[in-house]
Every structure is written in structure tokens, then in C-alpha cells.
Amino acid sequence: MVIKVFLASSSGSTAIKKKQQDVVGFLEALKVDYAQLDIACNEENRMWMRQNVPEDKKPANGIPLPPQIFNEEGYCGDYDTFFDAKEDNSVYAFLGLPPPPGSKEAEQADKAHIVENGNHAEEILDDSIEVPVEERNGDAHVEEEQAEEADEEEGEGGEEEAEEEAANDEATEEETAGDEALAEEEEEAVGETDEQAQAEEEEQEEEDLQSEEEEELRQLEEQDDEGSEEEEEADVQEEEEEDLEETQEEEAE
């Protein structure tokens with residue numbers, strides 16, 4: 001199984017770049033086989049990512065932002081869910097991969113399996129004898145308290161980091177909204193330019209048609225003028241012939 005990480009190589013958002021580097025760097029540290037799929041230079045990758053992110057996992061505007069993580073065709077999650085899995089030491093479960101032996105996640109899985117099967121070490125104690133927790137667990141109790149304090153401190157730091165990530169996400173969404181608004185303005189400008197060009201073309205066609213009609217009318221007028229001159233010349237010639245005949249008749253008498 002190959003883990004697919006969809007990212008944008010030419011993103012202008014610092015927050016997105018940081019998240020992408022965090023995911024890739026952590027996978028490399030775990031030596032997990034993965035493939036980087038760029039959505040900035042490959043339209044097919046971008047469309048595949050958008051179509052395969054579940055609808056309930058998409059943001060309000062319907063456009064998921066990188067990084068998005070898949071196991072083959074199966075959706076794992078985005079950066080926020082990846083971050084939560086990293087904090088819980090459950091990245092392999094998040095990726096749908098078996099944890100390697102000896103890892104913290106594998107040890108947690110073994111402990112969970114022991115508790116689930118009812119083989120917890122505390123069950124072998126005689127319930128009839130009450131033993132103080134400190135004496136029963138020895139140093140383990142102290143270590144547990146220290147671990148709880150460390151978890152609380154880490155949780156506070158995680159909350160601050162989560163708030164910072166949320167602020168970065170809001171800034172990224174605002175930047176995306178601005179890009180979309182700019183794209184819409186460009187499309188409107190292109191549409192207006194096309195309409196203006198079409199109007200100018202239609203106006204030019206009307207002018208050409210009007211010029212052709214005027215030319216045809218002028219030719220018809222010239223033809224009419226030529227016909228009138230020929231008729232006048234024929235009438236004059238006919239009158240001259242009649243006068244000549246009358247003159248000849250008079251002379252003959």
C-alpha cells in the first residue's frame with residue numbers, strides 16, 4: 001500500500017507550506033513509503049483530490065486545501081486529523097498501516113489488547129486485601145503521576161498550537177476567497193471584452209452591408225442615367241429623320 005500526499009508545490013500560503021513540510025518530514029522520519037502528488041502543476045491530480053475527499057470532510061466553500069492524505073484510494077484525512085493522530089501516537093492507525101514492532105503505537109496496541117482480554121496485572125491481586133495504590137504500584141504510580149503532569153503540559157501546548165493552526169487556516173481561507181474573487185473579476189472583464197468585440201464586429205458588418213447597398217444603388221442610378229441619355233438620343237434622331245422626310249416631300253411637290 002502506498003500513501004499518497006497531495007500538496008501544492010507553488011502555494012503562496014506560508015501556512016500551507018508549513019503543513020506540507022510537517023507531514024512530509026514526519027513520514028520520512030517514520031520511513032513510511034509515500035508519493036507526493038502535486039495539484040499546482042497537474043490538473044488531473046487536483047480534480048482527483050477534490051472528487052475523492054468525502055463531502056463531510058470538505059470546508060464550507062467545498063474546496064479542500066492541501067495537504068490531503070490517502071492510502072491508495074482510501075481517504076485518511078487532512079492536516080488537522082494528521083496532527084491529532086501524531087499527538088495521540090496513532091499515526092499508523094491514521095494511515096491504515098500496521099505499526100512496526102517496538103514502536104510506541106505497537107506497545108499501546110499490545111496494552112489495549114491485554115486490557116481487552118481481561119489479563120490486566122491488577123486482576124491477579126486478591127480483591128479481599130486492600131492495598132494502597134502507592135504500595136501496590138510502587139514507583140509506577142509516581143511515574144504515572146509524572147506522565148499525567150507531562151501530558152497536561154503537552155496538552156496546553158497542543159491547544160496553543162491548535163489555536164495558531166486555526167488562525168492560519170482562517171488566513172488561508174481568506175486568501176483562497178480573495179483568489180476566487182479575483183478570478184471572477186477577471187472572468188467578468190473577459191466577458192465584457194468579448195461582448196464589446198462582438199458588438200464592434202456586428203457594427204462593422206452593418207457598415208459593410210450599408211456600403212454594399214449604397215454601391216448597388218449608385219450603379220443602378222448610373223444605369224438609369226445611361227438609359228435616359230440613349231432614349232433622348234434616339235428621340236432626337238427620330239425627329240431629325242421626320243424633319244428630313246417632310247423636307248424631301250415638300251421639294252418633291
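Glu-73 is exposed, with a relative accessible area of 52%; here exposed means over 50%, buried under 20% and partly exposed in between, using a 1.4 Å probe and protein chains only. The model is a predicted one, in which local features need pLDDT of at least 70 and side-chain atom pairs count only at pLDDT 80 or more, while totals for chains, interfaces and linings use all residues. Residues are numbered from 1 along each chain as its sequence is written, and side-chain values use heavy atoms, with hydrogens and water left out.

The side chain of Glu-73 forms a salt bridge with that of Lys-4, at 3.8 Å from N to O. A salt bridge is a side-chain nitrogen of Lys or Arg within 4 Å of a carboxyl oxygen of Asp or Glu. Because Glu-73 sits in the loop between β3 (68-71) and β4 (74-78) and Lys-4 in strand β1 (residues 3-7), the pair ties together parts that are 69 residues apart in sequence. Helices (H or I, at least four residues) and strands (E, at least two) are DSSP runs, numbered from the N terminus.

The whole structure holds 4 salt bridges. One of them joins Asp-22 to Lys-86, with the closest N and O atoms 3.2 Å apart. This pair links distant parts of the chain, Asp-22 being in helix α1 and Lys-86 in helix α3 (residues 79-87), 64 residues apart. Both Asp-22 and Lys-86 are buried. Another salt bridge pairs Lys-58 with Glu-55, at 3.1 Å between the closest N and O atoms. Lys-58 is buried at 18% relative accessible area, whereas Glu-55 is exposed at 62%.

Helix α1 covers residues 14-30, 17 residues in total, and spans 24 Å from its first C-alpha to its last, close to the expected 24 Å. That expectation is 1.5 Å times one less than the number of residues. Its buried residues include Ala-15, Ile-16, Val-23 and Leu-27. After the helix comes Lys-31, with a positive phi near 60°.

Ser-11 lies in the loop between β1 and α1 and is buried, at 11% relative accessibility. Its side chain reaches the backbone nitrogen of Ser-13 at 3.2 Å. This is a polar contact, a pair of N or O atoms within 3.5 Å; within protein, one must be able to donate a hydrogen and the other to accept it, and residues adjacent in sequence count only if both atoms are side-chain atoms. At the start of α1, a side-chain oxygen of Ser-13 comes within 3.4 Å of the backbone nitrogen of Ala-15. Leaving aside neighbours within four places in sequence, Ser-11 is in contact with Ile-16 and Lys-17, contact meaning heavy atoms within 4.5 Å.
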